[in-house]
Amino acid sequence: MIREADAVTDRPVDVQAAASESRPSTWAYLWSVRRELWENRSIYLAPLATAGILLVGFCVGAARLPVGRRATLLLDPALQRARIERPYDFALGMIMLTTMLVWLFYCLDALYGERRDRSILFWKSLPVSDLTAVLSKATIPLAILPAVTFAVTGVTQVLILLTSTLVLRMNGLPAATEHQLPLIQLWGAMLYGLMAMTLWNAPIYGWLLLVSAWARRATLLWALVPPLSLVALEKIAFQTNYIFSFLRWRGVGWTMEAFASKPRGTLMIDPMNPIAPAKYLSSPGLWIGLLVAAAFLAATVRLRRHRAPL
Amino acid sequence: MTCIEARGLRKTFGATVAVDGVDLRVEEGRILGIIGPNGAGKSSMLHAILGLIAYEGRLEGLGLDPWARRDQLMRDVCFIADVAVLPRWMQVTQLLDYVAGVHPRFDRAKADHFLAPTGIRRASKVRELSKGMVIQLHLALVMAIDAKLLVLDEPTLGLDILVRKQFYDSLLNDYFDRSRTIVVTTHEVGEIQDVLTDVLFMNRGRIVLECSMDDFEARYTEVMVKPEQLAAARALQPIHERQVFGRSFLLFDRVDRNRLAALGEARTPSIAEVFVAVVGDPPGERLEIVR
């Protein structure tokens, strides 16, 4: 059967096909990133929702703004800046917190969801390599989410500025000066801080993606239980906290490595704290972390290739 | 040109042997039906051909090693597994945009043409479509790709008979030509008997029969034997015998049809009947088939 013994000669290479095959694989990559945004609309909807709630809250509270501002203007100029900046820092903090949750849940579902609903069989029936697929998924935490955080926070801060200026003017008060509210400097610090955080946290995203490609269920548990059990084990066996300190350093170490001094209080990105790119770039933790992240991603590509749908 | 070539193809999952040393050669322009019970290794074999799973042995699809070069192979191969595979969250228009974006051989106008009569709205999400519509959508996507090999793994599972018929009709009328190759597995054997050019039976990871449909028709004869001829008919060594309403149907392999016609009413059996004879219904009494 199925043997047409005489028809074995190879066909000449199809010229048109060869031409269309030269289409760069960056196309597949860019379309796959776009596909991730279609699938995970929370990437931008969640920060937007937080921004909306912040703005509503700010508008409601704006009635008290003139009284507060009169008191603030009596203070020392340095304190004035801190006081006036507060809602802007708060907006950044809240939106960052939201995107961090999106970060976590996106990464944990990125390679798990497609196996669970078996759509991976469809994605794999298209000429998109596992490397391209994993890189497009890693692009969300490594580039898209910081960019979304920056853009949404920036717009929110502009709207806060406009609202407060309007309210202050209506009450015969001057708008915040460039010195009291150096918005451009704020944005510079935010952009730098977000980039520093993203690169520093890359191994965490890599780990989460790896777990999402590997786990058969309960990705959150698989991501958290191994490190937490190590912490507990060390505590019980040796009464020490080295692993915990290490994990904390991997999580928030960038706030110390990327800036000149420790940030104030709970602020992750403190605009008053001078940036220190040289210190950051010369930190071995950054480069080792990036190497580990690359190793995790390579393992993720391999897993996506080998793992069958659930 | 050879489309698929396997030598000693083997796939194990732990201690389970899914595909047990299969030799296979599928030439361009054929429509091959792979028939077998559940767990016979059909899907594993197809997944190996598609580069979805690793395997032992030698395997080439369109001259490429599927496991090493899946992304390249998929430019020329299309695959429909079953209706549940299209991403349910996706809008039809997003699906079309995405495939157009990543697939160099996809013709958007063709896909629109195939979708036009289906009544599938572009704004619908896949999860909002009926099972029948999902398979029509998937088929429209696949038929708009200028591929050399189309692999269908139970494509019409769980669909009603009208959609199944329509599926194979459009496949034959709008898609298939002699330069394409189709490999299909299905349990609805009867519906595709006229569609196939070749048939292959699999059981327990092995190929138990492979032949072209022309050979199949020449080889197998089923005779409704007259009671008085039964002993004479049995002497010709039928490969299977069954009783329906008190009448005996005997299935013969490579027995001269003129000779059989004397014993009763002779006709070409369905694939399903030969399958039962070759693979056997109760596992204990399996007849060994000589190829």
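Helix α8 of chain A, residues 130-170 of this predicted model, has 41 residues that at 1.5 Å a residue should span 60 Å, and its end C-alpha atoms lie 58 Å apart, which agrees. The expected span is 1.5 Å times one less than the number of residues, and helices (H or I, at least four residues) and strands (E, at least two) are DSSP runs numbered from the N terminus. α8(A) bends by about 40° at Thr139(A), with Pro141(A) following within four residues; the bend is the angle between axes fitted to the seven residues ending at a residue and the seven starting there. After α8(A) comes Gly172(A), whose phi is positive, near 70°.

The model is predicted, with local features needing pLDDT of at least 70 and side-chain atom pairs counting only at pLDDT 80 or more, while totals for chains, interfaces and linings use all residues. Residues are numbered from 1 along each chain as its sequence is written, and chains are lettered from A and ligands numbered from 1 in the order in which they are written.

In chain B, four strands form an open sheet in the order β11-β12-β10-β13, paired antiparallel, where pairing requires at least two DSSP bridges between two strands. The edge strands, tabulated below, each have a single partner, so one side of each is left without a neighbour in the sheet.

| Edge strand | Residues |
|---|---|
| β11(B) | 240-244 |
| β13(B) | 264-267 |

β11(B) pairs with β12(B), residues 247-253, over five bridges, and His240(B) stands opposite Leu251(B) in β12(B).
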